[in-house]
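Take a look at the sequence and the model first, then read on.

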Amino acid sequence: MDFSIIINEYQFYLEGLWTTTWLVAASLLLGLIIAIPAGILRTNNNWLIKGPIWAYMYFFRGSPLLVQLFLIYYGVAQFDAIKESWLWYYFQEAWFCALLAFTLNTGAYTAEIVRGAIKNMPKGELEAAKAYGMTRLQTLRRIILPGSLRRALPAYSNEIIFMIHGSAIAGVVTIVDITGAARVVNARYYAPFEAYLAAGILYMCLTFSVIYLFKLWEKRQHHI
Amino acid sequence: MTIPTISIRNLHKSFADNEVLKGIDLEAHQGDVISILGASGSGKSTLLRCVNLLETPTSGHILINGELIKMKDDKKHGPMPVSIKQVERIRSRLAMVFQGFNLWSHLSVIENVIEAPIHVLGVPRKEAIVKAEALLERVGLFNRKDYYPGQLSGGQKQRVAIARALAVEPEVMLFDEPTSALDPELVGDVLSVMRDLAEEGRTMLVVTHEMAFARDVSSKVIFLHEGLVEEEGKPELIFENPTSERFKKFISTVY
C-alpha cells in the first residue's frame with residue numbers, strides 16, 4: 001500500500017475532477033433545457049406532439065448510457081454523410097460525444113421527473129387558477145411550472161447524483177475524467193487499489209457536496 | 001327593475017348518464033346572499049361550479065350582469081363555451097372560495113392574494129400589495145403574510161382564500177362549502193368573516209351545511225333535492241313554515 005503515488009500524481013486527479021465537474025454540469029444544464037419543454041409537451045394529449053417525445057424518453061431511459069455513448073462516439077463515424085459534413089468537426093471529439101450522450105440521457109430522465117411533477121400537481125390549485133380567470137399559458141407559467149419544479153427537486157437531486165456516477169464511463173472514450181485519471185495512474189504504477197480508491201473518494205466528495213447543497217435548499221423550502 | 005347580477009335559466013347538467021341538475025332557475029341581485037342547501041348529491045356544488053363554468057352546463061343559460069355566456073354544441077366535445085376569452089373575462093369578475101382552500105402552495109400568503117389582481121386584472125404591483133395587506137389585516141392574518149400555505153391551519157388558509165377572493169373586487173363571491181373541511185373550533189372565524197361580508201352588501205352564493213348561517217345571514221335560501229329546487233324563499237319564512245316535507249325533514253336532521 002503506497003499512497004504517496006496519489007500525492008505525487010495529484011495533478012492528474014485535479015484535472016480529472018475538473019473534467020468530471022464541467023462535463024456533468026454542462027450536461028445537466030443542457031439536459032434541463034431539453035427536459036422542461038419535453039416534460040411539458042409529454043403531458044399533451046395530442047399523439048403527434050407527445051409521440052416523438054415519448055419515443056425519445058423511451059429510448060434514452062430504456063438503454064444503458066454506455067451503449068448510447070458508443071452509438072454516438074463509434075456509431076456516427078460509420079456514416080459518410082456526417083464524416084464529410086461540418087458536424088464531423090464535433091463528432092470526432094470524445095468530449096463532444098460524451099457531452100451529447102450525457103445531455104440526451106439526463107434530458108430524458110429529467111423530462112420524466114418534470115412530467116411526473118406536473119401530473120401530480122394538486123387539482124385544486126389548477127381549479128383555483130381557472131376560477132380566477134387565468135389563461136392556460138398563465139396557469140402553466142405562474143402555477144404549474146413553479147409549483148411542480150419545486151416539488152421535483154428531491155427527485156432531481158438524485159438524478160444529479162446518478163449523472164455524476166454515470167459520467168465515470170467517459171473514461172472509456174479516452175476522456176481523462178476522475179476515473180480516467182485513476183486509470184492512467186494505475187497504468188503507470190500498477191497500484192489499482194490506491195488509484196481507484198482516490199477516484200472513489202473524489203466522487204464521494206462531489207456527491208456529498210450536491211447532497212449538502214440540496215439539504216440547505218430544502219431547509220429554506222420546508223413549507224412546501 | 002335592475003339587471004340581476006346572476007341569472008340562471010333552466011340549467012341542466014349531466015355527467016355521462018347521470019343527470020345532476022334537472023332544470024334550475026336562479027336569480028341573484030346586487031347584495032343578495034343566497035344560501036344553497038341540500039343533501040349530498042343534490043347537485044348544489046355542481047350548480048355553483050356551473051356559474052363560473054368550472055363545470056360546463058349541458059343546457060340552459062347563464063347571464064352575468066345581463067351578459068349571456070355563449071355556448072355551442074361541439075360535435076366532438078359536446079356543449080362548450082363559444083369563446084374561452086369571454087369565460088376567462090367573466091371568471092375574473094367572480095371569485096370562488098373552495099372547500100379545500102386551493103391556495104397556491106408555492107406562493108406565500110401575500111403572493112396568493114396579489115396573484116390574480118396583478119396577472120389577470122393588470123393592477124400595478126405596489127397598489128395590489130397595499131390592498132392585499134389591508135385585506136389580510138381584515139381577515140386577521142396580516143402577521144402571517146410571508147408564511148406559506150403549508151404553515152397555516154385550515155381556518156387560516158380559508159381566511160387567506162377569502163382575502164384572495166376579495167382582492168379581485170368580485171361582483172359575486174361563490175363559496176363552495178367553505179367550512180366543511182375545517183375543525184369545528186375553526187369554523188367560527190371563517191363564518192364571522194363571511195357574516196361581515198354579507199353585512200357590507202356583497203353579493204354571495206354560498207353552498208353550505210351551516211344552518212345558522214343560512215338562517216341568520218342569507219337573504220334567500222334555496223333547498224335542492226335531486227337536481228331540482230325543492231324549496232326557496234326568505235330564510236325566516238321557510239325555516240318557520242317549510243312547505244316541503246323533505247326540507248322540514250332536512251332541517252330537523254341537520255340542526
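What follows goes from the whole complex down to one residue and then back out to another sheet.

This is a predicted model, in which local features need a pLDDT of at least 70 and side-chain atom pairs count only at pLDDT 80 or more, while totals for chains, interfaces and linings use all residues. Residues are numbered from 1 along each chain as its sequence is written, and chains are lettered from A and ligands numbered from 1 in the order in which they are written.

**How confident is the predictor?**

For the complex, the predictor gives an ipTM of 0.91 and a pTM of 0.86. Chain B has an average pLDDT of 93, and 99% of its residues score at least 70; pLDDT is the predictor's confidence in each residue, from 0 to 100. Helices here are DSSP runs of H or I with at least four residues, strands are runs of E with at least two, and both are numbered from the N terminus.

**Chain A**

Start with chain A, which has 11 helices and 0 strands. Its C-alpha trace spans about 70 × 50 × 25 Å along the principal axes. Of its 224 residues, 36% count as buried, meaning that 20 or more other C-beta atoms lie within 10 Å of a residue's own; 12 or fewer makes a residue exposed, anything in between is partly exposed, and the C-beta atoms are placed from the backbone. If you take the contacts in chain A with a separation of 6 or more, residues 24 or more positions apart account for 77% of them. A contact means that the C-beta atoms of two residues, placed from the backbone, lie within 7 Å.

Helix H11 of chain A has these buried residues: A:Ala195, A:Ala198, A:Ala199, A:Leu202 and A:Leu206. Their cover includes helices H1 (4-8), H2 (10-42), H9 (136-166) and H10 (178-189) of chain A.

| Helix | Residues | Length | Reach, first to last C-alpha | Expected span |
|---|---|---|---|---|
| H11(A) | 192-220 | 29 residues | 42 Å | 42 Å |
| H5(B) | 154-167 | 14 residues | 20 Å | 20 Å |

**Where the chains meet**

On the chain B side, 21 residues are in contact with 18 residues of chain A. Helix H2 (84-91) and helix H3 (109-119) of chain B are the elements that give two or more residues to this side. By class, the side has 8 nonpolar, 9 polar and 4 charged residues. Ala, Val, Leu, Ile, Met, Phe, Trp, Tyr, Cys and Pro count as nonpolar, Asp, Glu, Lys and Arg as charged, and the others, Gly among them, as polar.

**Inside chain B**

H5(B) has 13 of its 14 residues buried, so it is largely enclosed by the rest of the structure. Just after H5(B), B:Glu169 takes a positive phi of about 45 degrees.

Then there's strand E9(B), residues 172-176: 5 of its 5 residues are buried, so it too is largely enclosed by the rest of the structure. B:Val172, B:Leu174 and B:Asp176 point one way from E9(B), while B:Met173 and B:Phe175 point the other way.

Which strands flank E9(B)? Strand E8 (residues 94-97) of chain B runs parallel to E9(B) and is joined to it by 4 bridges. Strand E10 (residues 204-207) of chain B also runs parallel to E9(B), again with 4 bridges. Two strands pair if DSSP finds at least two bridges between them. E9(B), helix H6 (residues 184-199) of chain B and E10(B) make a right-handed β-α-β unit: with the strands pointing away from you, the path from the first strand over the helix to the second runs clockwise. Both faces of E8(B) are covered, with B:Leu94 and B:Met96 buried on one side and B:Ala95 and B:Val97 buried on the other.

**Zooming in on B:Met173**

B:Met173 sits in strand E9 of chain B. Is B:Met173 buried or exposed? B:Met173 is buried, because 23 other C-beta atoms lie within 10 Å. Opposite B:Met173 stand B:Ala95 and, in E10(B), B:Met204. Leaving aside neighbours within four places in sequence, B:Met173 has contacts that include B:Ala165, B:Leu197 and B:Arg202. B:Leu197 is 24 residues away in sequence and 9.7 Å away in space, C-alpha to C-alpha.

**Another sheet**

Chain B also has an open sheet of 4 strands in the order E2-E1-E4-E5, with antiparallel pairing. Its edge strands are E2 (18-28) and E5 (67-68), each pairing on one side only. Strands E1 (residues 6-15) and E4 (residues 59-64) of chain B are joined by 5 bridges, and B:His12 stands opposite B:Ser59 in E4(B).

Key. The expected span of a helix is 1.5 Å times one less than its number of residues.
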